[in-house]
Amino acid sequence: VSLTAPSAPEDRCPLSHAAPQAGTAPNGCPVSPQAAEFDPFENAYQLDPAEALRWSRDQEPVFYSPKLGYWVVSRYADVKAIFRDNRIFSPSIALEKITPVSQAAQDTLKRYGYAMHRTLVNEDEPAHMERRRALMKSFELEELAHHEPMVRRLTRAYLDRLIDQGEADLVDEMLWEIPLTVALHFLGVPEEDMDTLREYSIAHTVNTWGRPSPEEQVAVADSVGRFWQYAGKVLEKMRQDPSGHGWMKYAIRRQRELPEVVTDSYLHSMMMAGIVAAHETTAHASANMLRLLLESREVWEDVCANPSLIPNAVEECLRLSGSVAAWRRIATADAWIGDTFIPKGAKLLIVSASANHDERHFENPDVLDIYRDNTTDHLTFGYGSHQCMGKNLARMEMRIFLEEFTRRLPHMELAPDQTFTFVPNTSFRGPEHLWVRWDPSRNPERHDASLLERERHFPLGAPNRQDAEREVRVTEVIAEAEDVVRLVLEDPRGRPLPRWSPGAHIDVLIGDYVRKYSLCGDPNDEHRLQVAVRRESPGRGGSRHIHDSIKAGMPLRMRGPRNHFRLDERADRYLLIAGGIGITPIIAMADRLKALGRDYAIHYCGRSRQSMALLSRLVRDHGERLQLYPASEGRRLDLPTLVAGHGNALIYACGPGRLLDQLAELTRTYPGALHVEHFTATAEALDPRREHTFEVVLEDSELTVPVAADQTVLQALRAVGVDVPSDCEEGLCGTCEVAVVDGDVDHRDRVLTDAERADNRRMMTCCSRARSGRLVLGL
Ligand code: HEM
Ligand code: FES
């Protein structure tokens, strides 16, 4: 998105002006036939908004919809850029009624003295951030933790009620009510007032984002009016004793310190707004999630067997089938979105459901992949300074629902032949009913009551990639060389395994040990992963166990694959250097370079030919390019000569630390030439006595976060609810990277090269810190 026009709008119009015209957009361009036909209240969009906008993502990512009177934005990068810039793209219309409110409904509201004010979600700056900052604390992880037992208790109570029924409409019997009750608890509403407030709770979806009939409008106005009046009374009651954890109570306490930021009228509005924000969003998201998982039976069964997958499964369901399909902004100035000129005053429907299916950002976007690396990038919670404050409460609820269901009703299935219906509207999406059935005599708790006591505590916040473990089966154990075995791993049900690229590794979990092994098979073989494992010196338990105990047919737990050692395929020449078992990533790289037709040479050292793994394959496939240095034959690799003659080749090396250290020394004068993978961190454990405190300023979220001396930047960001994915948390993998806008970074990772460090545009938040008092980050 930019404000400077690359040229006059007419010159850059993406459409052919000769196309059949069905009207003209407000920027003067003709409206394409598809744009003219687009109607979000019709079935196609209701059933699957992402699919209904596939044509737009492909051909016309920003278009004017005459039927809606909005510009529709469908690609990931554009939707995110609009969320990021809340000054040019103001959220002030976020809650505007898409269908104008009838006079009768307005009169009804007036009778109740209804005076709902702007709430956070549709407030402009600077008022919005002042208020958001003042009220944020209740959403921080430490505070949210207080609500977890309540969510657990409610979920169990509702499940107890239906566990012996054998069938249920989960929306009616559970998913609609729990998020509402959780919202009331979260706000701090006294128990005795909950039933009354629940009675007044109405479907806001249809009223705000749909096409309510005149009768519906009056009925809704009536409930809203009653709610408003009662909320005022409850608020007065809370003022008597505002101690405790509720968000309203906190706001009442904050009002004493900041009366001009947290005003009386805002407090009254907040109760209603809080419920709207928390209720239907979470109810729909939970129903979408259970439907999606039950439709993908194998994934459901994986989650039942391995609850560590739950946080990632929840996140992937939020991406693939979120409950907020689209959000709204209004242009406060002329602007460009990509190649499309948008006039000041234009209303935008930014379709996060479409962005979440954009193949430009998510690989195989239509597939439910609970091991996906970048799921957390989804835009279902919005992004930037207005990003959903309650996202971690919603995640917590959805995780607890999924955990209780998969543990207590793993045999549950969708009732057959059911047609899902949706309330027609632009923004919120979830089935009105979700019928499931099961055989109560097979309920596992009837045979094992201890199951009822079990529960898992997932760390609050964005899912941690380390949580997602996968079980594979060892199908072959092959003696590869002296003290080296090669394992072939397959999915236990013969399903495809994730794709990987040369340099990737997997984490193998054995008891308490985690060992990284580079993949050395064929990346195109989607059913088999292969690793070669050398028996390590005594004391390193993992490899000994693999050598002594692993047999074909046994299960193995693993995570990944991930790649921290990517092959840059753009060079003309490559030098591949391997020491010992370091040959595993190198052979995968050599295979790839051969397929690409690049110039490469492999230099492989080892104790003796008998101890050097993968030799026959290397000789067969790379014979002419292979140089072997078995020490037992007196052949030694002369690294200084090799490096001196490397020309402009990129060097990829894997092997013992001293080989890599020597290479680093020799290539000091060739910045960017050497690529190695580190398996050990250089960063030491954080010693608060030697660190200073500093602050990080988040440009997109407009927050300033203090980082204490005993805290990493990553921990500080997480504590206030900012999502930054992480993996190794030792500065090795690059997962926690964020963009640096300003400030000097004290880099402590092993991911960035010297040149990248000097460039100062990226940092690893799990270990690197500020040199001085302040860093500005692109978050
Ligand atoms: C804002 C989605 C649950 C509280 C938002 C926004 C979206 C959203 C799209 C606007 C973001 C933007 O403009 O960038 C969702 C979804 C939920 C959910 C999909 C469930 C799966 C909750 C819960 C609460 C909550 C449980 C708890 C109270 C809020 C608040 C805002 C907000 C206070 C306004 C933030 C601001 O404008 O500064 N949410 N939400 N949400 N949400 Fe949620
Ligand atoms: Fe791996 Fe930070 S999480 S480098």
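Helix 17 contributes five residues to the shell around ligand 1, the most of any element. The model is a predicted one. Two or more residues of the shell also come from helix 8 (127-135) and from strand 5 (327-331), as they do from helix 17 (264-295).

There are 29 residues around ligand 1, and those that come nearest are His 128, Arg 132, Arg 329, His 386 and Cys 388. Sorted by class, the shell holds 17 nonpolar, ten polar and two charged residues.

## Backbone contacts to the ligand

Oxygen atoms of ligand 1 lie 3.4 Å from a backbone N or O atom of Val 121 and 3.4 Å from a polar backbone atom of Tyr 383. For a nitrogen atom of ligand 1, a polar backbone atom of Ala 277 is found at 3.4 Å.

An open sheet of mixed pairing is built from five strands, ordered 23-22-28-24-26. Strand 23 (703-707) and strand 26 (762-764) each have a single partner strand, so these edge strands are each left with one side that has no neighbour in the sheet. From one strand to the next, the twist averages 40 degrees.

## Pairing around strand 28

Strand 28 (residues 774-777) runs parallel to strand 22 (residues 694-698), and four bridges pair them.

With strand 24 (residues 737-742), strand 28 pairs in the antiparallel sense over two bridges. Here Val 740 is bridged to Leu 777 of strand 28.

Conventions
Residues numbered from 1 in each chain as written. Chains lettered and ligands numbered in written order. Predicted model: local features only at pLDDT ≥ 70, side-chain atom pairs only at ≥ 80, totals over all residues. Heavy atoms only, no water. Pairing = 2+ DSSP bridges. Axes fitted to C-alpha atoms, helices over the stretch in contact; angles between N-to-C directions. Near = heavy atom within 4 Å. Polar contact = N/O pair within 3.5 Å; in protein donor to acceptor, adjacent residues only side chain to side chain. Nonpolar A, V, L, I, M, F, W, Y, C, P; charged D, E, K, R; others polar.
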